[in-house]
Structures are given as structure tokens and as C-alpha cells.
Amino acid sequence: MIILGLDPSLSCTGWGVIRAEGSRLAHIANGQVPTPAKAPMAERLAMLQAALAEVIAAHRPLRAAAEEVFVNKNPQSTLKLAQARGAVLAACGAAGLPVNEHAARLVKKAVVGTGAADKAQVQAMLKVLLPGAAIAGADAADALAVAIADAHLSYTPLPR
């Protein structure tokens with residue numbers, strides 16, 4: 001089963017594609033989609049949606065997984081995150097791709113064993129779970145962690 005993990009963000013959305021066969025995992029691809037901070041919001045959201053549509057078309061996952069929205073102290077940051085997430089989920093929806101959503105603590109617990117793990121611990125476990133994978137950056141690493149957590153949580157894909 002091919003799973004697309006997503007770490008939505010307006011500044012840089014991470015994505016990671018893995019193959020899960022039982023408990024065996026294999027890295028397929030990962031990347032990041034940055035958007036220019038000075039571009040108009042609608043243009044940035046369109047960039048995210050188009051880039052993720054290309055990833056979905058290239059790798060043909062059976063399902064996607066994304067982190068649930070968390071509330072920042074800054075309401076504007078939360079709104080921007082929600083808008084970016086909407087663009088990313090719209091790309092999945094347009095492709096008929098079911099999306100599972102996971103809390104950040106659950107992702108960390110599934111990958112590292114503790115929900116209080118920091119980014120360095122998550123990235124260290126990615127090296128163990130996906131040996132030899134060249135990871136494009138922190139956002140791509142987070143997306144791969146979401147995909148791995150989804151695989152470990154053994155969700156059944158929704159019918160298309």
C-alpha cells in the first residue's frame with residue numbers, strides 16, 4: 001500500500017510517500033513545497049494545490065494522512081495554517097484520495113514511542129525506519145513521520 005504523508009504549512013508544505021507491506025516500510029519519495037512569502041494568498045494556495053496534485057499523480061497513493069490542526073498562540077498563524085491545509089486536502093479530494101488525520105502527539109508516539117518526542121528524535125527514527133532515504137528537509141521529515149504513523153495505525157483505506 002502506498003501512503004502519502006502531509007505536513008501542511010503555508011511557508012513550506014512537506015510531503016512523503018512510503019510503501020507499507022505489513023510491518024515493512026519502504027521510502028518512495030519526499031519533498032517540500034515552499035511558497036513565496038510576498039506572493040498573494042490565493043496564488044500561494046494555488047501553488048500548494050497544484051504541487052500536491054502533481055505528487056499524487058506521480059506516485060498514485062491509495063490514501064493520504066495529514067497532521068490535525070493545532071491552535072497557535074497567534075490566531076493569524078492558525079488561520080494561515082488552516083488555509084494551507086485546505087489547499088492540500090483539496091488536492092487529495094480532487095484526486096479522490098481518502099485522508100486520515102492524526103494528532104501530532106499520536107504521530108510522535110507511533111514513530112518514536114513517546115508523544116513528547118522532539119524533532120531530532122523523530123528524524124533519528126526515520127533513519128532507522130527508512131534506511132538510506134535522502135530527506136529533503138524538516139518538513140519532508142515530518143510528512144514521512146505522518147505516513148509511517150498512518151501505516152503503523154493500520155487504517156483501512158476508504159472506498160473511492
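## Surroundings of L4

Leaving aside its neighbours within four places in sequence, L4 is in contact with W15, G16, V17, L52, V55, I56, P61, R63, A64, A65, L97 and A147. The model in which these contacts are found is a predicted one.

In soluble globular proteins, nonpolar side chains tend to be buried together. Here the largest nonpolar core has 21 residues, and the members that touch the most other members are L4, L6, W15 and L52. At least two residues of this core come from each of β1 (2-7), β2 (12-21), β3 (24-34), α1 (41-59), β4 (63-67) and α2 (75-94).

## Helix α3 against helix α4

Two packed helices are described by the angle between their axes and the distance between the axes. For helix α3 (residues 104-112) and helix α4 (residues 119-129), the axes come within 9 Å and cross at roughly 45 degrees, which makes α3 oblique to α4. The crossing in which α3 passes α4 is left-handed.

On the α3 side the contact is made by K108, V111 and V112, while α4 contributes Q121, V122, M125 and L129. Sorted by class, the residues of this contact of α3 with α4 comprise five that are nonpolar, one that is polar and one that is charged.

## Helix α4 against helix α5

Helix α4 also packs with helix α5 (residues 138-152), at an angle of about 65 degrees and with the two axes 10 Å apart. The crossing of α4 past α5 is, once again, left-handed.

In this pairing, K119, V122, Q123, L126 and L129 of α4 meet A138, A141, D142, L144, A145 and I148 of α5. The contact of α4 with α5 has eight nonpolar residues, together with one polar and two charged ones. V122 and L129 of α4 take part here, and V122 and L129 also belong to the contact with α3.

## R60 in its loop

Which residue is found in the loop between α1 and β4? R60 is found in that loop, and its phi is near 45 degrees, a positive value in a residue other than glycine. Is R60 buried or exposed? R60 counts as exposed because its relative accessibility is 63%, and the cut-off for that class is over 50%.

Technical notes: Residues numbered from 1 in each chain as written. Predicted model: local features only at pLDDT ≥ 70, side-chain atom pairs only at ≥ 80, totals over all residues. Heavy atoms only, no water. Axes fitted to C-alpha atoms, helices over the stretch in contact; angles between N-to-C directions. Helix = DSSP H or I, 4+ residues; strand = E, 2+ residues; numbered from the N terminus. Parallel < 35°, antiparallel > 145°, perpendicular 65-115°, else oblique. Left-handed = near helix turned anticlockwise from the far one by under 90°. Contact = heavy atoms within 4.5 Å. Nonpolar A, V, L, I, M, F, W, Y, C, P; charged D, E, K, R; others polar. Core = buried A, V, L, I, M, F, W, Y, C linked by side-chain atoms within 4.5 Å. Buried < 20%, exposed > 50% of the residue type's maximum accessible area, 1.4 Å probe, protein only.
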